[in-house]
Amino acid sequence: MQFHHNGYVTGDPLIKEAAGVGIDRSEDLPEVMDVLIVGEGPAGMTTAAQLSVFPQLEVRLIERREHELQVGQADGIQARSVETFQAFGFANRVIDEAYHLREMAFWKPDPENPKNIVRAALAPDDPHGVSEFPHLIINQARIMQYFGEFMRNQPSRMKPNYGIEYVSHERDDSQEYPLLVNLRYTFGEKAGEEFSVRTKYLVGADGARSQIRRDIGATRVGQQAAHAWGVVDSIVETDFPDWRTKCAIQSHDGGSILHIPREGGAMSRMYVDLGETAADDDGKVRQTPLDEIVRHANEILHPYTVEVKDVAWWSVYEVGHRVTDRFDDVPVEEAGNKMPRVFILGDACHTHSAKAGQGMNVSMQDAFNLGWKLAHALLGTAPLEILSTYTGERQVIAQNLIDFDMEWSSMMARKPEEFENPSDLEDFYVRTAEFPAGFMTEYEPSMVCGDTKHQELAAGFPVGKRFKSAWATRRCDGVRLHLGHLAEADGRWRIYVFADGAHPTEHSAVDDLAAWLKDDEASPLVGGELGGRPRHEWFDVKVIYQQSHEEFEVFDAPEVFRPRYGDFGIMQWENVFASALGSADRERQEMNPVALSRDIYDARELSRDGVIVVVRPDQYVAQVLPLDATDELSEFFKGVLSES
């Protein structure tokens with residue numbers, strides 16, 4: 001963390017100095033704004049958090065409740081989400097507080113006595129080691145609180161406006177603020193009173209019953225709900241031996257439970273199978289009482305029992321798998337000719353079961369994808385066309401999620417005798433672990449994602465997939481750390497230059513690239529201001545040499561990797577890295593062999609001839625290029641940066 005570059009800072013360094021709209025932020029909504037976000041769920045809060053780092057932008061988030069969320073429905077935090085939390089600065093706090101999922105137990109009818117269940121298998125949660133971060137369980141409300149704290153600490157001092165709901169909107173592109181949004185107060189002296197504001201962009205994170213989705217005419221495609229589940233967060237007394245382990249439990253009569261321990265050591269969640277719902281049920285199953293859900297859970301768990309001592313939250317829901325035909329307000333036939341102004345995220349555009357733990361996680365990735373694009377478009381650092389890539393990238397991911405969840409939820413509801421092989425359920429869980437962890441997302445080529453022409457130079461950093469972090473040693477202080485963990489949610493592009501084998505004191509392709517980046521008019525770092533900032537400040541440029549940090553000095557690296565910043569123009573010391581282990585690291589390795597010993601070139605299959613890896617503000621690899629491919633690098637950024 002860096003925080004003294006503008007002078008000595010006292011107090012909490014996470015609290016940034018107020019600037020822009022944060023200096024005199026009103027409690028009331030302004031009459032006009034840049035972005036209005038509707039809904040305080042995971043999608044809305046992540047979007048707001050990303051935009052809160054830009055104090056030039058007037059952004060507001062409204063929520064119809066009168067206070068922040070107290071108990072959240074979602075609880076599973078996949079490793080990709082923890083990577084995202086790292087960028088927002090609170091991953092370690094969540095990791096310390098949350099329950100860690102390390103393995104999953106599979107319980108099935110006892111072959112000798114089918115009315116009883118027995119443990120049939122125990123599978124690792126992440127058998128492939130897809131991330132250095134764990135799979136966690138924590139209340140959704142806590143994640144919203146962390147995002148809320150992040151927003152309040154940013155220069156814009158953003159916080160939600162509670163007690164306001166969306167009613168409708170109209171679009172008039174002849175206006176500077178094209179969207180007239182009609183709103184209504186939901187509590188207090190003004191309850192029921194309607195008023196209007198104008199905004200440049202509207203973000204609908206207003207849930208599965210989204211009015212904004214209906215207003216833009218987006219059509220939902222997929223299966224209606226046909227299977228009901230009761231979900232209970234409770235503290236219980238039980239003799240079931242795996243109560244603190246995630247479990248898939250199948251009984252002899254086909255009833256099943258997905259059991260998930262919760263954070264804090266005492267609470268747990270049960271998803272209890274309530275069976276198929278009749279076509280004419282008309283939602284009656286949602287009236288199933290809590291006692292009936294607990295009774296059914298005990299039948300499934302036989303010969304074990306659970307006695308509920310306290311209930312934090314419970315509900316009954318029906319599984320539906322649906323995705324909208326588009327995620328913005330541009331009809332399919334007008335795509336490319338009309339720029340979007342309204343966007344929908346999360347449950348507003350894709351709904352599915354809760355048992356794969358994807359709802360909150362995918363919603364936050366929707367938001368991370370959209371947030372930086374909105375900021376760049378509004379600040380004039382990118383052409384407006386960048387906003388059209390949101391639907392193009394995220395709709396495909398949502399459909400993949402629906403397909404996966406349909407298979408997983410149908411397997412969870414299947415009777416044991418309906419499986420071709422007894423181990424099919426656990427085999428599917430292990431085989432597909434990378435998908436629910438959030439790492440199968442792979443964006444297709446677009447203006448913000450290049451092609452794979454040079455992919456062989458960095459096989460471990462696939463273009464279109466998230467930048468999978470690996471260890472490197474910071475030259476200035478010899479600290480061995482994860483390179484990707486230094487990327488903040490600040491809207492900047494990352495350019496990682498992995499050097500060839502030449503010693504840093506020798507002239508090499510890295511020096512030629514560095515000179516081009518620093519001075520050539522075709523370089524994305526050179527030119528007039530963008531978004532009110534020097535152009536180079538939109539980039540985080542790092543170099544990683546193949547030698548150990550003991551073999552060269554920081555000053556051996558070209559100046560572009562040692563930029564000057566802050567009020568005093570001091571040199572940035574922390575952008576120069578080494579891949580090989582130093583002597584201290586080798587000693588630690590001898591005492592305790594761990595992953596930090598792997599050279600990043602070997603760990604990510606990087607060419608020893610050197611390679612450039614370009615990473616987007618949302619942590620996805622955008623381009624892989626040879627060190628001398630300056631023309632291709634220039635051409636890529638011409639497409640994503642506005643002219644100065």
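1. Helix 4 (residues 140-153) has the length it should. At 1.5 Å a residue, its 14 residues should span 20 Å, and the end C-alpha atoms lie 20 Å apart, so the two agree. Note that the model is predicted.

2. Helix 4 is largely enclosed by the rest of the structure, because ten of its 14 residues are buried. The buried residues are Q140, A141, I143, M144, Y146, F147, G148, F150, M151 and N153.

3. What covers those buried residues of helix 4? The cover includes helix 1, strand 3 (76-77), helix 2 (79-88), helix 3 (91-97) and helix 7.

4. The axes of helix 1 (residues 42-51) and helix 7 (residues 359-379) come within 8 Å and cross at roughly 30°. Angles under 35 degrees count as roughly parallel, so helix 1 is roughly parallel to helix 7. The crossing is right-handed.

5. The residues at this contact can be listed. Helix 1 contributes P42, A43, T46, T47, Q50 and L51; helix 7 contributes M360, S363, M364, A367, F368, G371, W372, L374 and A375. By class, the contact has ten nonpolar, five polar and no charged residues.

6. A separate site is I260, in strand 14 (residues 256-261). Is I260 buried or exposed? I260 counts as buried, because its relative accessibility is 6% and the cut-off is under 20%.

7. Beyond residues up to four places away in sequence, I260 touches D75, I137, K246, S268, R269 and Y271. R244 is 16 residues from I260 along the chain, and their C-alpha atoms are separated by 7.7 Å.

Key:
Residues are numbered from 1 along each chain as its sequence is written. This is a predicted model: local features need pLDDT of at least 70, side-chain atom pairs count only at pLDDT 80 or more; totals for chains, interfaces and linings use all residues. Side-chain values use heavy atoms; hydrogens and water are left out. Axes are lines fitted to C-alpha atoms, for helices over the stretch in contact, and angles run from 0 to 180 degrees between N-to-C directions. Helices (H or I, at least four residues) and strands (E, at least two) are DSSP runs, numbered from the N terminus. Angles under 35 degrees count as roughly parallel, over 145 as roughly antiparallel, 65 to 115 as roughly perpendicular and the rest as oblique. A crossing is left-handed if the near helix is turned anticlockwise from the far one by less than a right angle, and right-handed if clockwise. Contact means heavy atoms within 4.5 Å. Ala, Val, Leu, Ile, Met, Phe, Trp, Tyr, Cys and Pro count as nonpolar, Asp, Glu, Lys and Arg as charged, and the others, Gly among them, as polar. The expected span of a helix is 1.5 Å times one less than its number of residues. Buried means under 20% relative accessible area, exposed over 50%, partly exposed in between (1.4 Å probe, protein chains only).
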